[in-house]
Amino acid sequence: MKKQILCSMLILIAMFATSASEELMAAPYYEGKTIKLVVGSAPGGGYDRWARLVARHMPKYIPGKPTIVIQNIPGATSIVAANYLYNIAKPNGLTFGAVQRGLPFAQLLQKKGVKFDLRKFSWIGSPIPESNVLMIRTDLPYKTVEDLRNAKTPIILGDGGMASSSYHFAILLKEFAGINAKMIHYRSSADIALAIERKEVDGKASTYGSFRSFIDRGILRPVIRSRVSEPGIENIPVDEELTADKTGKTLFAMRTGPDRAGRPYIAPPGLPPEIFKTLTKAFKDCVHDADFLKEAEKLKLRVEYVSGEDCLNEVNVVLNQPENIVKEFAKYIQF
Amino acid sequence: MLDAFVDGLLLVLQGKPFFYMLIGIAIGFWVGILPGLGGGVTIALMMPFIYKMTPQEALPFLLGMHSVCQTTGDITSVLFGIPGEGTTVATIIDGYPMAQKGEAGRALGAALMSSLVGAVVGALLLALSIPVVRPLVLALGSPEMFMVIILGLTCISSLSGRGKRGLLLGLLAGGCGMLFSLVGQDLQAGVLRFTFGQLYLWQGLSIPPVVIGLFAIPVIIDLMVKGTAIAGDVSYGKLGKGAMEGILDTFRHFWLTVRCSLIGSGIGILPGLGGGVAQWLAYSHAAQSARTIEEQDGFGKGDVRGVLGPGASNNAKEGGGLIPTVAFGIPGSSGMAILMGAFLMLGLVPGPDMLTKHLTLTFSLVWTIVIANIIVVAASLFFINKIAKLTTIRGNLLIPFILLLIFLGAYSSHSHYGDLIVTLLFGGLGYFMERFGWPRPPLVLGFILGSIAEDYLYISCLRYGADWLYRPKVIIIFFFAVAVALYPFIQRKRLMRKEQANEI
């Protein structure tokens, strides 16, 4: 009797042990884990909306189906978030981030507080290249570039801080295309949206996608765009063509570089190659996923996959400029 | 309009949405009670669940959860003197002294009933104001918002102690609070302020660790030193009653409760002010309702009106807070941002359409707030007198439990050990402030309003130069602010004169 009990117990233990080890062996790295997606912008803006969409659809392409949780770390054009990703977050694939595309400029201009090297991040990719567009309220008389140049009082443009892409676009247009504008910084694009409704600002330089609903509702009108185009705005004037100045053209082109990366997703440097491969592949599959596309359409977001490699190339273009151009660039784009 | 009002109700009462709302309420109940863990964070935590639901189910679930947090947050504030939510700090000021006097049941009854009144009034006001809400919100630009914040700051005069010394300490505490709010990377130039090389401080100090530290740690030290229960040596039997008394109090001071509700929903409608402001405006309004000097001095020592005011305004602001999200598609908080995502999935674009074409759905949101609060208050009333007996448990037994809760709550704000250090540091500050008679509410108010005041002032000056000072609405709000600032002194003089006249 005792033997029988002992035997059956041993068998049970053996069964448990083998099944457990099998499970351990087969269990994917991400099973039962939570990935933190750090968003370097306040809730409610375009970066945030994209990130929430990605967070929802990416898990099904990661073996083990982890949960992705959003953490907003706004401030200084995502420098805070990028510093966090570079210095604090561990390169274990459990943290990655959606940062604003203007970051290469912060590094290029050696902004105090930049504690990262963008070239060393693990670039995962982007769901869309973004075109920057200058949009003006339709109830104002400014319809063409000439109108903007000849405005008697400065046109008030809302932007997301001196290091935001919306500010960069506006300041270069002001300096090289001769537009009579004045920029005001707001905490988030939600605040700017409200300011437009309140008629506190006359317009906004911004990505075409994030303020499309305002264009559709007839509140804003796109007037000038950057080189990266999108369906619907192909025919409006391009920034680089609005200046005869050679330096000006270069600076416009430099500024447009990160636009091609659009909404970049990066992970801490030194990610183990396998995890990096898992994440990049999952991101690519997620962006091409039918449900993802359907939901993006509902959210009025256009999708066009950009690989992490392409994003990194654009970053290198900005960071590998000769010193005199960098100096010129720094004159207008200050942090 | 009336059709939509009724249809909205029916939409909420359908089987499945109602069921999900109940689940939401159950979660919100505990989120409210646990300090630190707030409604916004919880909505984010619930994200994985809602994407399995249809939007008709998800909206009542999220909103039901979000809107009862304030109600049950009051319970923690009253019982332990620890803020259950960032928005229920003001309830502590009079609620906790009541608990110490053995009136926990009464305070809880008052807090819950006023919460219910607040929710109903807030929702009603929201329903009535739907036709005018867009122009109303658009009428206030950055300069006006700055003045509203100034108006909020003037409440420091009623939140401070009496006399010149009291006011001075209050102003100093408020100034300190503003300084604390400046910690971190600023918006305009990206400059690091008071970060001492710590990346943790780049994001600035967040409200939960600061407020929990300021209020909870002193309570714990106090309990430990005294070695008694929270309610001291009040006899056990007396505590079993009182909830009914608190409910009656709500109706005794019904108009005060309604006025504080109106303050709450008014503040709620303004996007960008944050949830923590309404409670203080309401508290100082309640404090101004004192009719004798004795009554005036009684505030902060356990006057039931000090519980009713913030209790009502907290819940009333929920209805108002929906407005910027629904009517403009501009979410006021991270929680509302996720709620907006649910809208979009339903094929609804938040914006003017929500007030015309999809009015029924908007009203169903209003009804969700009302019904969720009725349910949670009714459920709480069953065991409120039992909960009140927690205050008779010996402090030494309660402390480990409370400590665990507060550190868990504080840690949930950044999940960083810095949260715990901040809690401890502000705990020390809070202890010494209490020990030496410095008022803590002005510090909290300055802290909440400091950095947004800076933003709006900067934007106003850049946009309008000095001209914003001449805008009629700015001037009106300014005079209103002056009146609020001076009222406690005028009131005291008047009361003194009255009393002298009586003596003669």
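This is a predicted model: local features need pLDDT of at least 70, side-chain atom pairs count only at pLDDT 80 or more; totals for chains, interfaces and linings use all residues.

Student: How many residues line the second largest cavity, and which lie nearest its centre?

Tutor: The lining has 13 residues, and those nearest the centre are A:W50, A:E130, A:G209, A:L301 and A:R302.

Student: Which helix gives the most to that lining?

Tutor: Helix 2 of chain A, residues 46-57, which contributes three residues.

Student: What volume does the second largest cavity have?

Tutor: About 100 Å³.

Student: And how many cavities of 30 Å³ or more are there in the whole structure?

Tutor: The search finds five.

Student: OK, new topic. Is strand 4 of chain A mostly covered or mostly open?

Tutor: Mostly covered. Strand 4 spans residues 122-126, and five of its five residues are buried. Buried here means under 20% relative accessible area.

Student: How does strand 4 of chain A pair with strand 10 of chain A?

Tutor: In the antiparallel sense, over three bridges; strand 10 covers residues 265-267. Within that strand, A:I266 is the bridge partner of A:W123.

Student: And in which sense do strand 4 and strand 11 of chain A pair?

Tutor: Antiparallel again, over two bridges, with strand 11 at residues 306-307.

Student: Which residue in strand 11 of chain A is the bridge partner of A:S126?

Tutor: That partner is A:V306.

Technical notes
Residues are numbered from 1 along each chain as its sequence is written. Chains are lettered from A and ligands numbered from 1 in the order in which they are written. Side-chain values use heavy atoms; hydrogens and water are left out. Buried means under 20% relative accessible area, exposed over 50%, partly exposed in between (1.4 Å probe, protein chains only). Helices (H or I, at least four residues) and strands (E, at least two) are DSSP runs, numbered from the N terminus. Two strands pair if DSSP finds at least two bridges between them. On a 1 Å grid over the protein atoms alone, a cavity is a set of points where a 1.4 Å probe fits but cannot get out, and a pocket is an open set with protein on both sides within 12 Å along at least five of seven lines; lining residues have an atom within 4 Å of a point. Grid points are joined across faces, edges and corners, and a volume is the space filled by probe spheres set on the points.
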